[in-house]
Structure formats: C-alpha cells, structure tokens
Amino acid sequence: MAKVVVDAMAMQRALTRITYEIIERNKGVDDLVILGIKTRGVYLARRIASRLQQLENVSVPVGDLDVTPYRDDIDHDAQGEPEVTATNIDFSVEGKKVILVDDVLYTGRTIRAAMSAIMDLGRPTSINLAVLVDRGHRELPIRADFVGKNIPSSQRERIKVSVSEIDDRDAVEIQQA
C-alpha cells in the first residue's frame, strides 16, 4: 500500500523553490554546474537547469553522474560486479560551483560516493546538495543545502519518487516495506 505525499504540483513548487534558493545562495548562476545522480536525480537536475534558464536567461551545464563504482555498500567482487551506467559530463568541474542533485537523501552513502566521483573529475570551488526528499536516518554526517520536502519515515518504509520522464507521472509515495 502506498500513500502519495507529494503530487505533481507540489513537486513542481518544491523544485521551483530549490531553484530560487540556488540563485540566492550563489548570487546568480556564474560558474555554476549541475550534476544529477543517476537515475531520477538526473531528471530533477535537468528540470532545475531549465528553470534557471527561464529565470536567469543563462544555460547552466548539466551532467549525469553514476556513483555505482564509488559505493561502499555494494559488493564489488569479481562475481557480482555492479552494473555501471555511463557518467555523462562534457564540461570541467574544476573551479566550478557544483550543485549535486538527487531524489532522496537517506543514509548519505550515495552522496559520499558522488563527492568521491566529483573529486576524481577535478576540484570544484564548492559542492552543494539539492534533494527533493530528505527522509532522515543518516549514517554519515551529510546534510542537504536545498530540500524540497522533509519526510520523516520509518526505516521499514520506502520512499518512491516517480518522474514523468520515465515513470509517466510525478509523485512521491511512502510505501510499506
């Protein structure tokens, strides 16, 4: 059984608010790049970049970041290699203000892996984290700079983010595990 806690309109409002906060915190969009964590973070990153284009009339580079090889909670033995999808970043992060985008912030392990991946690409001026949902239960000292919605949840529950680009609808649901 699933309960919808964020509908399409609420998701759009949350992403618009995050976009304004990004502009405000960075005093514009100079030297800004956006990296979306595969899979759903990529689509959210593209939406934020599109909104930045509308508001600031500047095209902000967007890249897709696959953190699978950097995960510490996936078995990397020879028998069960994790599936790696290509990271797609055709610009430098060196000296840039990176906005890292993901759908759900939970333990913090995905974000730690993403920061390692970014540092392998170059040394940015800063890395800020934007998430649609912060559900708590951190295992690492990581927090989001921009949060669409805080959804306190049980560890037995699952937060499912759907995006229209791949799921044919926009929603955030809480599911019983």
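Which residue in E8 is the bridge partner of Lys3? In E8, Lys3 has Ile174 as its bridge partner.

This is a predicted model, in which local features need pLDDT of at least 70, side-chain atom pairs count only at pLDDT 80 or more, and totals for chains, interfaces and linings use all residues. Residues are numbered from 1 along each chain as its sequence is written, and side-chain values use heavy atoms, with hydrogens and water left out.

**View 1. The three-stranded sheet is open and antiparallel.** Its strand order is E1-E8-E7. Helices (H or I, at least four residues) and strands (E, at least two) are DSSP runs, numbered from the N terminus. Two strands pair if DSSP finds at least two bridges between them. Strand E1 (2-6) and strand E7 (157-162) are the edge strands, and each pairs on one side only. From one strand to the next, the twist averages 30°. E1 and strand E8 (residues 171-176) run antiparallel and are joined by four bridges.

**View 2. Helix H1 lies across E1, E7 and E8.** H1 runs at about 40° to E1. Axes are lines fitted to C-alpha atoms, for helices over the stretch in contact, and angles run from 0 to 180 degrees between N-to-C directions. Contact means heavy atoms within 4.5 Å. H1 covers residues 8-25, which makes 18 residues. At 1.5 Å a residue they should span 26 Å, and the end C-alpha atoms are 26 Å apart, so the two agree. The expected span is 1.5 Å times one less than the number of residues.

**View 3. Asp7 caps the N-terminal end of H1.** A side-chain oxygen of Asp7 lies 3.3 Å from the backbone nitrogen of Met9. Further along, the buried residues of H1 include Met11, Ala14, Leu15, Ile18 and Ile22. Buried means under 20% relative accessible area, exposed over 50%, and partly exposed in between (1.4 Å probe, protein chains only). An α-helix has 3.6 residues a turn, so residues three or four places apart point the same way. Just after H1, Lys27 takes a positive phi of about 50°.

**View 4. The five-stranded sheet is open and parallel.** Its strands come in the order E3-E2-E4-E5-E6. Strand E3 (62-65) and strand E6 (146-150) stand at the edges with a single partner strand each, so one side of each has no neighbour in the sheet. The twist here averages 25° from one strand to the next. Strand E2 (residues 32-37) pairs with E3 in the parallel sense over four bridges. Ile37 stands opposite Leu65 in E3.

**View 5. Helix H2 (residues 40-56) packs on the five-stranded sheet.** H2 touches E2, E3, strand E4 (97-105) and strand E5 (126-134). The direction of H2 makes about 155° with that of E2. Buried residues of H2 include Val42, Tyr43, Leu44, Ile48 and Leu52. Their cover includes H1, E2, E3, E4, E5 and helix H4 (164-167). Helix H3 (residues 109-121) also lies across E2, E3, E4 and E5, and runs at about 155° to E4.

**View 6. Asn128 sits in strand E5.** Is Asn128 buried or exposed? Asn128 is buried, because its relative accessible area is 12%. Leaving aside neighbours within four places in sequence, Asn128 is in contact with Arg25, Asn26, Val98, Ile99, Leu100, Asp145 and Phe146.

View 7. The peptide bond from Lys38 to Thr39 is cis, with omega near 15°. Thr39 lies in the loop between E2 and H2. Asp31 belongs to the loop between H1 and E2. Phi of Asp31 is near 60°, a positive value in a residue other than glycine. Asp31 counts as partly exposed, at 46% relative accessibility. Asn57 is in the loop between H2 and E3. Asn57 is not a glycine, yet its phi is positive, about 55°. At 65% relative accessibility, Asn57 counts as exposed.

**View 8. Residues 98-110 carry an annotation from UniProt.** The unreviewed entry labels this stretch "short sequence motif: PRPP-binding". UniProt positions are given in the numbering used here, feature names are shortened, and annotations may be inferred rather than shown by experiment. Over residues 98-110, the chain is 15% helix and 62% strand. The end C-alpha atoms of the stretch are 16 Å apart.

Terms used:
Polar contact = N/O pair within 3.5 Å; in protein donor to acceptor, adjacent residues only side chain to side chain.
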